[in-house]
Amino acid sequence: MINDIKLTSAMRNSLLNHQQIKDLTATVEKRLATGKKVNDILDGPVEYFKAKGLYDKADSLLKRKDDIDQAISTLKATQHGIVAIETLVKQAKGLAEEAKTANGEQRTILQAQAQKLMEEITKIAEDSHHNGVNLLVEDNTTTPTLLDSDNPGGTPVRMEVDDRFVYLSNRSNVEIYTQNDDGTLTNVSTIAGNDVQDSWSDGNFLYVAYTTYPAGVATSNVSVYDVADDGTAVLVDQITPGPGETRRIYGDGDYIYQTGYSSGIYVYDVDGNGQLSLVDTDDQGGSYNDIFSDGNFLYVAAQAGGIHTYDIAEDGTLTHMSTNPGAADDETGIWGDGQYIYSVSRTGGIRSHSVDANGALTAIDTDKQAGDYSSVRGDDDYVYATTTNGIEVYEVNNDGTLNYLNNIPTTANAGYLHPYEDLIYVTDSTDGLTVYDSGKPIEFVVDFSDDTSLSIEGTDVRQEALGIPKSEINFLSYQTVDFTIEKLDRALNKLKTTAASYAADFALLQTRLELTEDLVNTHEEAGDKLTLADLEEESANRLALETREQLSLFSMTNSHQSIQNLIDILFGGR
């Protein structure tokens with residue numbers, strides 16, 4: 001338009017150059033002010049999002065680092081508590097040693113002093129907490145809870161558990177139950193039988209041991225069933241090895257073993273179709289009540305015969321290796337955890353054994369609570385023994401000695417149990433088949449990342465859990481002083497084992513803390529490489545831009561002066 005302001009080409013170029021210099025100057029000043037060359041998405045979308053991911057990861061790791069730091073403090077408080085308790089136990093042991101040479105009145109005074117120390121142990125354990133976490137008290141262990149029970153009738157004897165079902169042998173039948181997610185039981189089918197004593201599953205077939213009485217003579221039998229996913233069972237084989245009442249059936253992945261009241265042990269091979277063939281037999285006399293294999297030897301708990309150890313050849317033939325005298329009465333149950341063998345007898349309680357290279361057993365420790373003992377089984381944490389008083393729970397020390405923990409009461413006599421994952425299945429003469437949660441320790445979990453963590457279990461080290469309650473500190477006779485010293489030594493062993501476990505956790509946490517700090521620094525450095533400005537470079541850029549700005553202004557001034565000179569020439573004469 002005629003009235004628009006018109007710039008010459010030179011003037012327009014000078015103005016554009018000046019505006020670009022202003023923009024560059026603003027960018028450089030922003031970088032100098034913030035120290036970053038990428039402050040937002042407009043400064044570089046690729047670098048911005050890459051750096052944001054790295055910084056977010058570093059922030060997440062910083063939170064993990066704080067959690068690990070607090071966990072280390074918790075373990076420090078725990079270790080301080082253990083050291084203090086260990087000191088008190090050693091002091092009590094010193095008093096006991098002194099009591100061995102003291103007179104009656106002096107022993108009474110020393111006993112009172114030791115009992116006072118035991119009371120202080122509980123107080124120290126309860127005070128050894130940090131950030132709301134205490135790893136040394138019973139509150140870190142959940143109480144086992146009865147989840148469900150079912151009594152289909154008959155006399156419950158034993159049960160078997162596999163990945164799909166629970167099988168209850170109750171003399172009359174085998175009842176098959178599904179394992180529900182909440183621990184409840186659903187009876188889905190029944191295998192009718194005659195004097196059913198036991199069953200065992202290898203995951204493919206169910207082997208049922210029972211007794212028939214043709215012409216009044218007890219005869220052992222084994223039936224093999226294929227169990228479908230809906231619980232229905234189809235008989236695929238049946239074998240009658242000989243006279244005698246059946247007692248137990250068991251498998252080790254290679255062979256099937258059947259024991260009886262008066263018929264010893266039978267060994268069977270089984271093919272892929274569930275067909276049994278008798279391989280070998282042996283009878284050392286008496287009733288073979290329970291059986292267990294540790295992969296090297298076969299152990300049999302026998303009536304009035306102690307514990308028999310057998311070597312099993314590759315072809316399944318048996319060699320009787322030795323007989324452990326066992327308890328004074330019937331050995332009723334046997335089980336092993338891969339390191340020690342545990343047996344129970346009715347009135348003798350529970351006993352732990354070491355095993356030598358030839359399978360011979362040597363008794364390590366024993367414990368007897370109220371009631372008659374009938375069976376023993378365990379899991380990764382505890383050993384359980386069933387009694388007429390319920391279920392007795394034990395913890396095993398590294399040396400094989402036993403720490404009695406607590407009793408899980410049952411409605412009536414607990415006959416046989418089978419721990420499976422976080423549940424305990426028990427036969428009860430009143431409730432039939434019962435299922436409990438296992439009451440495992442509550443875990444203190446420290447997360448290292450989304451995929452990795454460390455679980456630290458609490459261990460009760462108060463006086464009762466250590467097996468040295470005030471009532472057990474007895475100096476009134478030289479014999480009871482020796483018994484007390486034994487209990488104090490066991491308590492010291494448990495404390496040392498617990499401290500060693502927490503020390504390993506502590507070392508792992510320290511390593512993880514250092515690694516997390518290094519990773520935080522690595523991620524932040526990587527993000528900084530993408531976003532931080534080179535301040536020396538930006539300062540140089542600022543000086544260069546100032547020079548360019550001055551030149552730009554000079555250029556525009558010259559352009560203006562040139563136009564003014566032209567006007568003067570054209571109109572100067574007027």
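Q: What makes strand S19 and S20 a pair, and in which sense do they run?
A: Strand S19 (residues 349–355) is joined to S20 by 6 bridges. Pairing calls for at least two bridges found by DSSP, so with 6 bridges S19 and S20 count as paired, and they run antiparallel. One of the spots to look at is His353, whose bridge partner in S20 is Ala363. A word on the source: this is a predicted model, in which local features need pLDDT of at least 70 and side-chain atom pairs count only at pLDDT 80 or more, while totals for chains, interfaces and linings use all residues. Residues are numbered from 1 along each chain as its sequence is written, and side-chain values use heavy atoms, with hydrogens and water left out.

Q: Why do S9 and S12 stand at the edges of their sheet?
A: The order in this open sheet of 4 strands is S9-S10-S11-S12, again with antiparallel pairing. Strand S9 (246–251) and strand S12 (276–282) each have a single partner strand, so one side of each has no neighbour in the sheet. Here the twist from one strand to the next averages 25°. S9 is paired with strand S10 (residues 256–260) over 5 bridges in the antiparallel sense, and Tyr250 stands opposite Tyr257 in S10.

Q: How many residues lie between S15 and S16 in their hairpin, and what is the phi of Gly316?
A: There are 5 residues between S15 and S16, and Gly316 in the turn has a positive phi of about 90°. Strand S15 (residues 306–312) pairs with strand S16 (residues 318–324) in the antiparallel sense over 6 bridges. Ile312 has Leu318 as its bridge partner in S16.

Q: Why are H2 and H3 called roughly antiparallel?
A: Helix H2 (residues 45–99) and helix H3 (residues 104–127) pack at an angle of about 170°, their axes 9 Å apart. The name applies to angles over 145 degrees on a scale from 0 to 180 between N-to-C directions, so H2 and H3 are roughly antiparallel. Their contact (heavy atoms within 4.5 Å) includes Leu88 and Leu95 of H2 and Leu110 and Leu117 of H3. The residues of this contact divide into 14 nonpolar, 3 polar and 3 charged.

Q: How do you know that Asn131 is exposed?
A: Its relative accessible area is 58%. Exposed means over 50% and buried under 20%, with partly exposed in between (1.4 Å probe, protein chains only), so Asn131 qualifies as exposed. Asn131 sits in the loop between H3 and strand S1 (146–150), and its phi is near 55°, a positive value in a residue other than glycine.

Q: What makes Glu421 count as exposed?
A: Glu421 has 62% relative accessibility, so it counts as exposed. Glu421 is in the loop between strand S25 (414–420) and strand S26 (423–428). The phi of Glu421 is near 55°, positive although the residue is not glycine.

Q: How many helices and strands does the protein chain have?
A: The protein chain has 5 helices (DSSP runs of H or I, at least four residues) and 29 strands (E, at least two). Of its 574 residues, 46% are buried.

Methods: Parallel < 35°, antiparallel > 145°, perpendicular 65-115°, else oblique. Nonpolar A, V, L, I, M, F, W, Y, C, P; charged D, E, K, R; others polar.
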